[in-house]
There are 2 protein chains.
Amino acid sequence: MFTIGHVARATDCKVQTIRYYEQIGLLPQAPRSEGNRRLYAQADIDRLAFIRHARELGFPLDAIRELLSLSDDPNQSCAAADAIARRQLDQVERRITGLVSLKTELMRMIEQCRGGKISDCRVIEVLSDHAQCVTENHQMTEAKP
Amino acid sequence: MFTIGHVARATDCKVQTIRYYEQIGLLPQAPRSEGNRRLYAQADIDRLAFIRHARELGFPLDAIRELLSLSDDPNQSCAAADAIARRQLDQVERRITGLVSLKTELMRMIEQCRGGKISDCRVIEVLSDHAQCVTENHQMTEAKP
DNA sequence: GGTTGCTTCTACAGCTACTGTAGATGTTAT
DNA sequence: ATAACATCTACAGTAGCTGTAGAAGCAACC
């Protein structure tokens, strides 16, 4: 059995965040030691690693909850999990496109900056144009009501 | 001059969010009409579109504030602007790298999920495996050339 | 056995970046 | 003139944490 501190180090996650996940039911109630400390097994570390990684991918906690519940009920169809993954893939692709154009613009600025002023900075123009094309059809998962 | 509602529609941004950005100084104080309504010019729409786009790319407001300062302050020393641009470029590149590998993961997940049941769906498995690989490579990702 | 020092406990406040609501007022169309 | 809608201010609430206070557990050294 592991302490909460060990689990936190193993998953690169704050102790408070683990307690928070328990509080909102994303992690099960941990059994306690004699002295009331939470005790964890390897399965808990795996589950938390999954949650943290999914968060890094940009999954909101509700989607993670859904994925975890799907894994708890292994006879269900994969369609729901697939839909979540596809939504995230869509997001990721759009972010990559946007970041690549921002990268290009930043590189151009650094180039021009060599021995001059930045009086012709075009960051806003470049990215506001791109923003229009991006925001027409799509919306961030996190920003949803 | 445009109303706040027009600007909101043009940038796919809530009216309250525009007022919030003004409040925290990300947008300038808008001049008011006779009846106290905020009035906006095209430049404000561009600026807001830039902010929204940068947010979608995952930049925190502080980073956006810094990027905006590049175009707000065209006479600031080249060294300062260069430092900001380089720091942001570094961020952008790291994000792109991370997102590209996440994209690969998601595509693999969708591929493996096709037409199966959860019992042979590897979504969660792949995600927790990847979590381990991310933790392992964390220092490599952070390393600078 | 006592003391130091770290970890963990609960409880709650604060953070970022919004989002929603109430109630008043401005604006526009019929 | 009245209805319908937009905008105003002010403030409360949300997600997903993160920090802090103050107490208690625990391990090590003297």
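Which helix gives the largest share of the surface near DNA strand C? Here are some friendly notes to read beside the structure.

1. Before we start: this is a predicted model, in which local features need pLDDT of at least 70 and side-chain atom pairs count only at pLDDT 80 or more, while totals for chains, interfaces and linings use all residues. Residues are numbered from 1 along each chain as its sequence is written, chains are lettered from A and ligands numbered from 1 in the order in which they are written, and side-chain values use heavy atoms, with hydrogens and water left out.

2. Now to the opening question: helix 2 of chain B gives the largest share of the surface near DNA strand C, with four residues. Helices here are DSSP runs (H or I, at least four residues), numbered from the N terminus.

3. DNA strand C is surrounded by 22 residues, and the closest are Arg19(A), Arg32(A), Arg38(A), Tyr21(B) and Arg55(B). Of the atoms of DNA strand C that come within 4 Å of the protein, sugar and phosphate account for 79%. A residue is near a strand if one of its heavy atoms lies within 4 Å of it. By class, this surface has seven nonpolar, seven polar and eight charged residues. Nonpolar covers Ala, Val, Leu, Ile, Met, Phe, Trp, Tyr, Cys and Pro; charged covers Asp, Glu, Lys and Arg; the others, Gly among them, are polar.

4. Look next at the phosphate oxygens of DNA strand C. Polar side-chain atoms lie 2.8 Å from one in the case of Arg55(B) and 2.9 Å in the case of Arg32(A), while for Thr17(B) the distance from a side-chain N or O atom is 3.4 Å. Two or more residues of the surface come from each of helix 1 (4-11) of chain A, helix 2 (15-23) of chain B and helix 3 (42-56) of chain B.

5. Helix 3 of chain B has 15 residues and reaches 21 Å from its first C-alpha to its last, close to the expected 21 Å. That expected span is 1.5 Å times one less than the number of residues. Because 11 of its 15 residues are buried, helix 3 of chain B is largely enclosed by the rest of the structure. Buried means under 20% relative accessible area, with exposed over 50% and partly exposed in between (1.4 Å probe, protein chains only). Among the buried residues are Ile45(B), Leu48(B) and Phe50(B). After this helix comes Gly58(B), whose phi is positive, near 95°.

6. What surrounds DNA strand D? It has 19 residues around it, with Tyr21(A), Arg55(A), Thr3(B), Arg19(B) and Arg38(B) coming nearest. Sugar and phosphate make up 73% of the atoms of DNA strand D within 4 Å of the protein. A polar side-chain atom of Thr3(B) lies 2.9 Å from a phosphate oxygen of DNA strand D, whereas an N or O atom in the side chain of Arg37(B) is 3.1 Å from a base oxygen.

7. Finally, find Gln88(B) in helix 5 (residues 78-113) of chain B. Gln88(B) counts as buried, at 4% relative accessibility. Its side chain makes a polar contact with the side chain of Glu66(B) at 3.1 Å. A polar contact is a pair of N or O atoms within 3.5 Å; within protein, one must be able to donate a hydrogen and the other to accept it, and residues adjacent in sequence count only if both atoms are side-chain atoms.
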